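Colleague: I'm new to this one. Can you walk me through it?

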Amino acid sequence: MIRRIIAIPLIIWALGFVLFVITLPQPLPLAQSDAVVVPTGSGGRIQRGLEILQQGGAEQMLVTGVDVAVQPGEFQVQYDVPDRLMACCVELGFSALDTRGNAVETAEWMEQQGYTSMRLVTADWHMRRAAVELEAQLPDNISVSHDAVRSEPSLWTLFLEFHKFIAAWLLMVLG
């Protein structure tokens, strides 16, 4: 009887992990939103956000979680952002240190801008947790599209992220 009681949560955990891994979020086709928000991190995120912005999929882009040592000019050169686009449409957010901080910074920025729709661009393995953290911070009137950047995460990255996602989800549900 004890083995069965122990086995049930282990089976649920294992099935949850497998489901998490095989159903990673995918990129979205171009669609219009007020803003695109990109948390800093693994490769391809900022490029994807700039691509959406340049194709007219959003009015502005917030890059959240930028290191305070990064100068806007350095960012512009590194990502080859045209002057016109950098001046009008790209904002760097320096206050976030982690995923929860990204969500807080994003919610404040969305409110300041008066936007009601956004496209969240982050890595496929990071999307679920970023979305849960964001959902906990944003008011109900803001719609969020989840545009995942494909990656090739290691099994260890997926393992860690699965547990961080569960923790974030539990905190949102319980708190």
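Modeller: Here is a short tour, from overall layout to single contacts.

Colleague: What should I know before reading numbers off it?

Modeller: This is a predicted model, in which local features need pLDDT of at least 70, side-chain atom pairs count only at pLDDT 80 or more, and totals for chains, interfaces and linings use all residues. Residues are numbered from 1 along each chain as its sequence is written, and side-chain values use heavy atoms, with hydrogens and water left out.

Colleague: How many helices and strands does the protein have?

Modeller: Seven helices and five strands. Helices (H or I, at least four residues) and strands (E, at least two) are DSSP runs, numbered from the N terminus. From the N terminus on, the order is α-β-α-β-α-α-β-α-β-α-β-α.

Colleague: What does the C-alpha trace span along its principal axes?

Modeller: About 70 × 35 × 30 Å.

Colleague: And how much of the protein is buried?

Modeller: Buried residues are 43% of the 175. Buried means under 20% relative accessible area, exposed over 50%, and partly exposed in between (1.4 Å probe, protein chains only). The protein exposes about 9900 Å², and carbon and sulfur atoms supply 60% of that. Those areas come from the Shrake-Rupley method with a 1.4 Å probe; for residues, only the protein chains shown count as cover.

Colleague: Let's go inside. Which residues of the largest nonpolar core touch the most other members?

Modeller: Met 61, Phe 75 and Val 90, out of 19 residues in that core. A nonpolar core is a set of buried Ala, Val, Leu, Ile, Met, Phe, Trp, Tyr and Cys residues joined through side-chain atoms within 4.5 Å.

Colleague: Which elements give two or more residues to this core?

Modeller: Strand E1 (35–39), helix H2 (45–54), strand E2 (60–64), helix H4 (83–89) and strand E3 (90–93). H2 gives the most, with four residues.

Colleague: What is Val 90 in contact with?

Modeller: Leaving aside neighbours within four places in sequence, Val 90 is in contact with Leu 50, Leu 53, Met 61, Phe 75, Val 81 and Leu 85. Contact means heavy atoms within 4.5 Å. There is also a second, separate core of 17 residues, including Val 37, Leu 62, Met 127 and Ala 130.

Colleague: Switching to charges. How many salt bridges does the structure hold?

Modeller: Five. A salt bridge is a side-chain nitrogen of Lys or Arg within 4 Å of a carboxyl oxygen of Asp or Glu. In one of them, Arg 48 pairs with Asp 147, with the closest N and O atoms 2.8 Å apart. Arg 48 lies in helix H2 and Asp 147 in strand E5 (residues 143–149), so the pair ties together parts 99 residues apart in sequence.

Colleague: Are Arg 48 and Asp 147 buried or exposed?

Modeller: Both are buried. Asp 147 also forms a salt bridge with Arg 119, at 2.7 Å, N to O. Arg 119 sits in strand E4 (residues 117–123), so this pair ties together parts that are 28 residues apart in sequence. Arg 119 is buried too.

Colleague: Which residues do salt bridges that share partners join into one network?

Modeller: Arg 48, Glu 51, Arg 119 and Asp 147. Another bridge joins Glu 161 and Arg 129, with the closest N and O atoms 2.7 Å apart. Glu 161 is in helix H7 (residues 155–174) and Arg 129 in helix H6 (residues 127–137), 32 residues apart.

Colleague: On to rings. How many aromatic pairs does the structure hold?

Modeller: Ten. Rings of Phe, Tyr and Trp (its six-membered ring) pair if their centres lie within 6.5 Å; planes under 30 degrees apart count as stacked, over 60 as edge-to-face and the rest as tilted. Trp 109 and Tyr 115 have ring centres 5.7 Å apart and planes at 65°, so that pair is edge-to-face. Both of these residues are buried.

Colleague: Which residues do ring pairs link into a cluster?

Modeller: Trp 13, Phe 17, Phe 20, Trp 156, Phe 159, Phe 162 and Phe 165.

Colleague: Last stop, the surface. Which residues make the nonpolar patch of about 580 Å²?

Modeller: Met 1, Ile 2, Ile 5, Ile 6 and Leu 10. Patches are made of residues with over 30% relative accessible area and no salt bridge: like charges are joined within 9 Å, nonpolar side chains (Val, Leu, Ile, Met, Phe, Trp, Tyr) within 5 Å. Ile 2 lies in helix H1 (residues 2–22). Ile 2 is exposed, at 59% relative accessible area.
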